[in-house]
Amino acid sequence: MKLDPKHLAQLSVIVEAGSFQSAAGRLGTTQPALSRNMKALEARLGTPLFQREGRRSMPNSLALRLARNGLAIRLAEEQAGILADQSARGSVGELRIGAPPIVSGRFLSNALTQFIKTNPNCSVEIRTGLVHELRTMLERGQVDLVFGPESLAEPVDGLEFEELIDDGVGVMCRSGHPLATRKRIMASDLEAQIWLAHSRGSLLRQQTEAAMIACGVRSMRIGCETDSIRSVLEIVSETDLITTMPKATTAPYLEDRLIFLPFHNPQFHRPLGAIRRANSLSSRIEDRFIRMLRQTVGGLLPH
């Protein structure tokens, strides 16, 4: 038997209020309308819910039991209304975000900390991975938002990119390297060095090779090759090998051991930003986080 949940909710108010007239006032309806609904509920049940005691209608034992179900319906509706209101404001829900490990640690930590503090009812999931792994996560719907390089979105149809920061690439060496005192770096200087190269196929490797070709470096002498960012920083800081790294991302790890050389090339432009599926509706939670991220990343640019 299917009962009208509205009638059960009204029954619970009648029991709480102690009379039809008081309940009608709480519900914003009239006493005759409320009486008709209770008659309809009784007809559906095939049994009365009230008994007359003088001039008052008193709920019987079945009415009291059903009123408990009606109270649960009212509480569920109230909670659903609160949840809907919070969702409309973007303060409740789920945020699923992905980023490369070093980018996540550098750019997302502060924004996520602030976001979690100000949105305690939101569930946050952070996934890290290489660029091709993040692209797959986004395509499969395992994450809703990726913070990464613009090139992550280029090869795949249906992805849109919103730039938040230019994490330009630079040539890095140890602070005591022979090139460290040069005010200007020439292509011949770079061609004479031994390089620590990023793994083949990586975006940094592709950018580095494109920049070297563009500036006239005919060949790069590769002394070491790795896909470990930690290894890059440690090896370069202790040897005369040079490498390339994103400047803003790497800034906290320079300390006094590593420096970027005064060498610039248009190929080293590296926009970072929010990448989403173009055909998916962005949630208020995602929009709120991106606004917070935009506020925090600006202060992380190297000066």
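In the predicted model, H7, L8, Q10, L11 and I14 of helix α1 meet L34, N37, M38, A40 and L41 of helix α3, where contact means heavy atoms within 4.5 Å. By class, this contact of α1 with α3 has seven nonpolar, three polar and no charged residues, with Ala, Val, Leu, Ile, Met, Phe, Trp, Tyr, Cys and Pro counted as nonpolar, Asp, Glu, Lys and Arg as charged, and the others, Gly among them, as polar. The axes of α1 and α3 (residues 31–45) come within 10 Å and cross at roughly 120 degrees, and the crossing is left-handed. Axes are lines fitted to C-alpha atoms, for helices over the stretch in contact, and angles run from 0 to 180 degrees between N-to-C directions; a crossing is left-handed if the near helix is turned anticlockwise from the far one by less than a right angle, and right-handed if clockwise. Helices (H or I, at least four residues) and strands (E, at least two) are DSSP runs, numbered from the N terminus.

The model is a prediction in which local features need pLDDT of at least 70 and side-chain atom pairs count only at pLDDT 80 or more, whereas totals for chains, interfaces and linings use all residues. Residues are numbered from 1 along each chain as its sequence is written, and side-chain values use heavy atoms, with hydrogens and water left out.

Helix α1 (residues 5–17) also contains V15, which counts as partly exposed at 29% relative accessibility; buried means under 20% relative accessible area, exposed over 50%, and partly exposed in between (1.4 Å probe, protein chains only). Leaving aside neighbours within four places in sequence, V15 is in contact with P59, L64 and A67. The C-alpha atoms of V15 and R56, 41 residues apart along the chain, are separated by 12 Å.

Helix α5 takes part in two of the helix pairs described here, with α11 and with α10. The axes of α5 (residues 101–118) and α11 (residues 284–297) come within 9 Å and cross at roughly 130 degrees, which makes α5 oblique to α11, given that angles under 35 degrees count as roughly parallel, over 145 as roughly antiparallel, 65 to 115 as roughly perpendicular and the rest as oblique. In this pair α5 passes α11 in a right-handed crossing. On the α5 side the contact is formed by F107, L108, A111, L112, Q114, F115 and T118, and on the α11 side by I285, R288, F289, M292, L293, T296 and V297; these residues divide into ten nonpolar, three polar and one charged. Helix α11 also holds R294, which is partly exposed at 38% relative accessibility and which touches E162 and L164, not counting residues up to four places away in sequence. Although R294 and L164 are 130 residues apart along the chain, their C-alpha atoms are separated by 6.0 Å.

Against α10, helix α5 packs at an angle of about 80 degrees, with the axes 9 Å apart, and the two helices are therefore roughly perpendicular to each other. Here I102, V103, R106 and F107 of α5 meet A248, T249, A251, P252 and Y253 of α10, a set of residues comprising seven nonpolar, one polar and one charged. The loop between β3 (92–99) and α5 contains P100, which is buried, with a relative accessible area of 11%.

Within α10 (residues 247–254) lies T250, which is buried, with a relative accessible area of 0%. Apart from neighbours within four places in sequence, T250 is in contact with M172, L233, M245 and F260.

The loop between α10 and β11 contains E255, which counts as exposed at 60% relative accessibility. Most residues other than glycine have a negative phi; E255, although not a glycine, has a positive phi of about 50 degrees.
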